[in-house]
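Dear colleague,

I am handing over the structure below, and my notes on what was found in it follow. Please read them with the structure open beside you.

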Amino acid sequence: MDTLTNDETIVERALAGDPEAFGEIVRRWERRIFALSYGMLGREDEARDATQETFLAAFRNLRGFRGEAKVSSWLHRIAVNQCISRQRRARVRSESAIEDEEERHAAQFAAPVGYSPSHVIESQQETDAVRRAIQSLPVELRQVVIMKEFEELTFREIAEALDIPLSTVKSRLYTALKQLQMRLNRFANDAT
Amino acid sequence: MNEDFLKQDCQQQDELISVLYGEASPEDTKQFQTHLRQCGSCAREYEAFSGVRSSVHELRDLALAGFQPQSPVQRVERKSARAALTSFFNLSPVWMKLGTAVAIAVLCVFGFIGFMKSKQVVNSPLKEAAARMYSEAELKDAVARAVNEANVAARSDHGTVGSVQAENSSDRISVNRIQSQSPKNRRPLSRYERQQLAADLRLVARPDEDGLELLSDRINQ
């Protein structure tokens with residue numbers, strides 16, 4: 001894969017002291033890492049912070065990158081760990097505060113131009129329901145579904161990033177989709 | 001995690017997931033599509049999962065729509081000097097634009113004047129004389145003409161100056177002696193005198209002028 005070769009070359013350049021090289025890695029992967037963080041955390045500001053922390057951690061541990069895995073897998077692993085740490089820290093806060101933040105966040109979604117208010121509300125409710133459904137998944141299922149749906153990684157790339165067998169990726173993905181389906185149906189029933 | 005409760009009688013979850021995400025081989029895809037036509041449970045599940053995926057994609061698109069890259073290493077586009085000047089000029093107020101225009105015009109006038117003056121210096125007579133090339137015949141004529149003129153001038157002064165100051169310095173005496181001699185009896189000028197005379201008359205450049213050497217050999221020919 002061309003990206004893999006380039007990533008490795010860029011990391012080598014960064015290790016050799018090229019100050020621009022790591023910036024190139026960031027530019028290349030930050031959107032995907034943001035998507036992963038957003039999927040894992042469910043909040044844009046948190047995802048943004050987690051993305052920055054991921055790249056900072058990667059930069060600090062650049063010398064620890066042995067080149068055994070892909071750069072993307074290495075970055076995803078760091079990002080997942082960052083998100084899990086953030087969630088643990090978030091649990092320390094009171095549940096009510098988290099709920100308030102989630103509600104505030106739900107209102108942050110910009111309404112698309114040209115849509116009626118009822119449609120916008122319906123759409124916001126739906127996306128909010130999906131976000132809550134994803135957030136309620138166990139971490140191991142959430143990681144897989146986010147990597148697949150948000151980042152569009154292949155089964156093999158997910159397996160490498162999470163260091164799990166390919167069959168486990170598929171079974172986790174199946175289970176995640178099944179649970180999402182059930183939760184969304186429940187949200188839909190509650191709404192009506 | 002208890003995943004068993006999710007499994008249906010039909011044990012084709014792997015194939016379903018692979019086909020759903022387009023990662024199954026063409027043969028496996030074809031086989032599973034045939035299976036979907038026969039298995040209502042798998043067909044419903046496939047359709048439900050497709051719907052879940054669409055909803056997740058909506059959330060993803062919405063989230064990424066507001067994504068602003070925040071690279072730690074910012075891209076710095078370097079402008080050319082001309083572009084930077086142009087943008088500065090565009091942003092500056094009208095009075096500054098006018099002032100700049102007047103300053104440029106004054107600068108151009110001074111530049112032109114300076115250029116013209118430098119041209120005049122270059123075209124000075126001394127430079128022209130130094131730059132001019134004499135042919136051998138021209139040089140001889142010029143020297144002879146200058147000697148004659150000097151003799152004529154000396155003869156006109158001889159009656160007065162020569163007698164009154166006869167007792168003066170030796171160089172004056174020698175000059176008078178040269179001047180008093182008739183052209184026929186006159187001693188020819190020495191090489192040094194010719195060189196000196198030619199240099200005095202600006203017929204050739206002096207040794208210290210622009211590095212030109214005296215054409216002494218030609219003069220003595």
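In this predicted model, 35 residues of chain A are in contact with 29 residues of chain B, two residues being in contact if their C-beta atoms, placed from the backbone, lie within 7 Å. On the side of chain A that touches chain B, helices H2 (21–41), H3 (44–60), H6 (117–135), H7 (139–149) and H9 (166–191) of chain A each supply at least two residues, and H9(A) gives the largest share, with 11 residues. Helices (H or I, at least four residues) and strands (E, at least two) are DSSP runs, numbered from the N terminus.

Chain B itself has 10 helices and 0 strands. Among its contacts between residues at least 6 apart in sequence, 53% join residues at least 24 apart. Of the 221 residues of chain B, 8% count as buried, that is, with 20 or more other C-beta atoms, placed from the backbone, within 10 Å of their own.

In chain B, helix H3 (residues 40–65) has 26 residues, and the buried residues of H3(B) include Cys42(B), Glu45(B), Phe49(B), Val52(B) and Val56(B). An α-helix has 3.6 residues a turn, so residues three or four places apart point the same way.

Residues are numbered from 1 along each chain as its sequence is written, while chains are lettered from A and ligands numbered from 1 in the order in which they are written. As the model is predicted, local features need pLDDT of at least 70 and side-chain atom pairs count only at pLDDT 80 or more, whereas totals for chains, interfaces and linings use all residues.

With best regards

Key
Expected span 1.5 Å × (residues − 1). Buried ≥ 20, exposed ≤ 12 C-beta atoms within 10 Å, placed from the backbone.
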